[in-house]
Amino acid sequence: MVDFKVSKRMLVNFRGQNKVVGGLTDKDKIAILLYISKEFANLDREEQLFQKVILICQEIFESDNTTLRLWDGEFLVPVKFVKETEPPRRNLVSGEGYSGTVFETKKSVIVNDLTRSPDFFDEGEKTRSVMCVPIMQKDDILGTLAVESDRENFYITDDLEILEALTSQLALALYGVRLIEGLVTARAREAAILNQLEWDLKMGRNVQSQILPQDLSAWNGVYFASHYEPMAEVSGDLVDIVRQGHSLTAINIDVSGHGIPAALVTMAIHHQFRRSVMAGLGLTEIMEELGENLREQLPESTYFTAFMVRIFSDYTFGYVNAGHQRMLHYKSADDSFVSYDTKGVPLGILPVRKADYEEKQGRLEPGDFLLLISDGFSEQRNSSKEEVGVERIQTWLQDEREKLIIEGRGKVDLKKLSTNFLTRFRDYQGQTPNGDDLSYLFLYCGDSIPEANHYIQMAKASNAKLKSEDAYAQALKAFSIDPSLKENLMFLGKMYYRDGAYKESIRFLEEYLKTSGDNTASSHFMMGRAYYKAGMISEAKRALKMALSSDHSFAKASILLAQCYLKENAKPKAIKVLQQGVKNTPQNIELKASLVKLESLAQRAS
């Protein structure tokens with residue numbers, strides 16, 4: 001049984017639309033992730049694991065049925081379910097039904113009404129709404145998990161998010177229990193089992209690697225390099241980055257212990273960290289959220305340390321430490337290192353509040369870098385039992401940076417600095433195996449920022465004097481020096497839009513949204529407007545829907561989205577968009593006028 005309360009969901013009719021009320025809160029989601037981690041860690045047989053998955057889905061999602069299918073090389077076989085269906089379940093080929101489609105595309109789906117999806121609906125079928133998620137790691141797909149309800153519109157995107165998290169942990173646990181069962185029942189095949197152990201742990205590593213930051217492109221002149229290396233195949237270390245327009249938040253964590261239990265905990269921390277940052281919490285508030293939301297759900301005697309830093313657009317930064325290795329700040333002005341620490345205790349041991357943590361501030365100058373690093377590096381020993389130590393790490397970095405400065409004529413290639421640092425570490429380590437998980441994250445402030453900013457200010461001055469040709473030349477020069485500066489990307493996007501060069505405008509606005517992490521309604525609206533002007537209606541609809549998801553009362557986005565549907569001769573959809581817009585913003589005169597005009601046109605046409 002789930003040992004915490006989840007509010008019962010209800011399906012109600014509100015203003016002519018079905019709406020789910022109740023169900024999962026954010027706190028529920030975190031509790032569920034940790035509950036799943038703890039429960040899966042105690043299972044050693046497939047049947048137990050499959051039964052636990054079915055029970056969790058029934059309790060959390062209030063499903064009428066749940067179906068677990070595994071791929072046998074030819075068919076998707078239903079290996080576990082709550083009850084038999086009418087018509088009875090059968091083996092599916094890839095691409096058949098919603099489970100086969102999810103298996104083939106490797107993409108999750110929510111179907112709100114199966115009767116409106118003839119490709120998925122069998123005659124006599126009682127199921128009306130379903131969530132179906134692939135069970136996979138990176139490119140390997142093991143099967144599917146479908147949560148089914150006899151009621152229409154019973155599941156929402158939040159439900160799908162937690163089901164996807166569950167299946168990620170299910171994939172890792174499945175490899176673990178298969179390994180345990182193999183060890184118990186196949187002693188005569190010791191060599192084969194050892195090979196299987198290695199393969200399974202590698203698969204577990206691939207599952208965990210999905211939560212590592214995939215996008216290391218520069219953010220507003222700040223460049224990144226990272227390294228992640230488990231002592232075994234899976235790790236209790238984690239680095240992550242969240243971009244949020246005017247700020248960037250990075251974290252390095254170290255969970256006590258090693259192997260699969262620690263790796264499962266990192267997945268829950270990753271989820272809670274990202275939700276807390278996107279909710280706009282401060283650094284000390286995030287530490288409290290991590291500690292309090294995860295503490296009671298952690299396996300016995302498990303805790304974790306964390307160092308968090310938030311960099312702002314003006315290159316000031318704040319930082320908080322929770323018992324982690326200190327952050328290093330290399331200052332290029334005097335070729336020196338400063339180490340940063342704050343008051344704060346490890347998380348998961350005792351109750352904590354934000355007052356238990358201290359936030360301090362600093363500033364990055366061009367050529368500086370910050371280094372978040374786990375203690376696996378400083379505590380690594382060589383064949384003579386000598387530790388690396390923090391001072392040796394600093395010396396290596398200073399030496400390698402100096403070499404790169406000479407090679408690059410005053411510039412530092414961060415990827416080379418990261419690679420060369422690892423080489424120095426390996427040379428010192430020799431044949432001694434890793435004593436701990438290893439992870440680090442460089443945050444390097446580009447040394448070309450002042451030069452690029454000079455051209456940006458010249459471009460703005462030229463633009464103000466209506467010297468467009470000069471403004472373009474200067475802004476593009478700044479872009480060639482540092483293509484990640486978000487102020488310049490937005491400036492170029494707006495200028496090209498103003499002058500009717502919509503495809504060029506799209507090029508810079510897309511890069512701005514991709515690298516900055518700006519998720520505001522106004523930015524997505526600007527992107528949608530450029531797509532619309534360029535005749536890219538599908539792309540415009542996607543951007544405008546994102547604008548409305550950020551701010552459902554954004555009237556201009558509703559009107560332009562309706563115009564997109566009219567371009568596609570989808571008048572009923574255009575009317576529906578405007579009707580929803582009026583409901584969200586009843587005082588907007590322009591929205592009401594647009595709706596009245598479109599409805600009258602529709603009546604005359606009929």
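The model is predicted: local features need pLDDT of at least 70, side-chain atom pairs count only at pLDDT 80 or more, and totals for chains, interfaces and linings use all residues. Residues are numbered from 1 along each chain as its sequence is written, and side-chain values use heavy atoms, with hydrogens and water left out.

**Exercise 1. Describe the salt bridge between E292 and R295.**

Step 1. The closest N and O atoms of E292 and R295 are 3.3 Å apart.
Step 2. Both residues sit in helix 7 (residues 283-295), three residues apart, about one turn of the helix. Helices (H or I, at least four residues) and strands (E, at least two) are DSSP runs, numbered from the N terminus.
Step 3. An α-helix has 3.6 residues a turn, so residues three or four places apart point the same way.
Step 4. Check exposure. Buried means under 20% relative accessible area, exposed over 50%, and partly exposed in between (1.4 Å probe, protein chains only). E292 is partly exposed at 22%, whereas R295 is buried at 18%.

**Exercise 2. Find what two other salt bridges tie together.**

Step 1. D341 and R326 pair through their side chains at 3.4 Å, N to O. D341 is in the loop between strand 14 (336-340) and strand 15 (360-363), and R326 is in the loop between strand 12 and strand 13 (327-331), so this pair ties together parts that are 15 residues apart in sequence.
Step 2. D341 is partly exposed at 27%. R326 is partly exposed at 44%.
Step 3. E487 and K460 form a salt bridge at 2.3 Å, N to O. E487 belongs to helix 13 (residues 486-498) and K460 to helix 11 (residues 449-464), so this pair ties together parts that are 27 residues apart in sequence.
Step 4. E487 is partly exposed, with 35% relative accessibility. K460 is partly exposed too, with 31%.

**Exercise 3. Check the length of helix 6 and its cover.**

Step 1. The expected span is 1.5 Å times one less than the number of residues.
Step 2. Helix 6 (residues 259-278) has 20 residues and should span 28 Å; its end C-alpha atoms are 29 Å apart, which agrees.
Step 3. Of its 20 residues, 15 are buried, so helix 6 is mostly covered.
Step 4. G280 follows helix 6 and has a positive phi, near 85 degrees.

**Exercise 4. Count the disulfides and check two cysteines.**

Step 1. A disulfide is a pair of cysteine sulfur atoms within 2.5 Å.
Step 2. The structure has zero disulfides.
Step 3. C445 is buried, at 1% relative accessible area. C564 is buried, at 0%.

How values were computed:
Salt bridge = Lys/Arg side-chain N within 4 Å of Asp/Glu carboxyl O.
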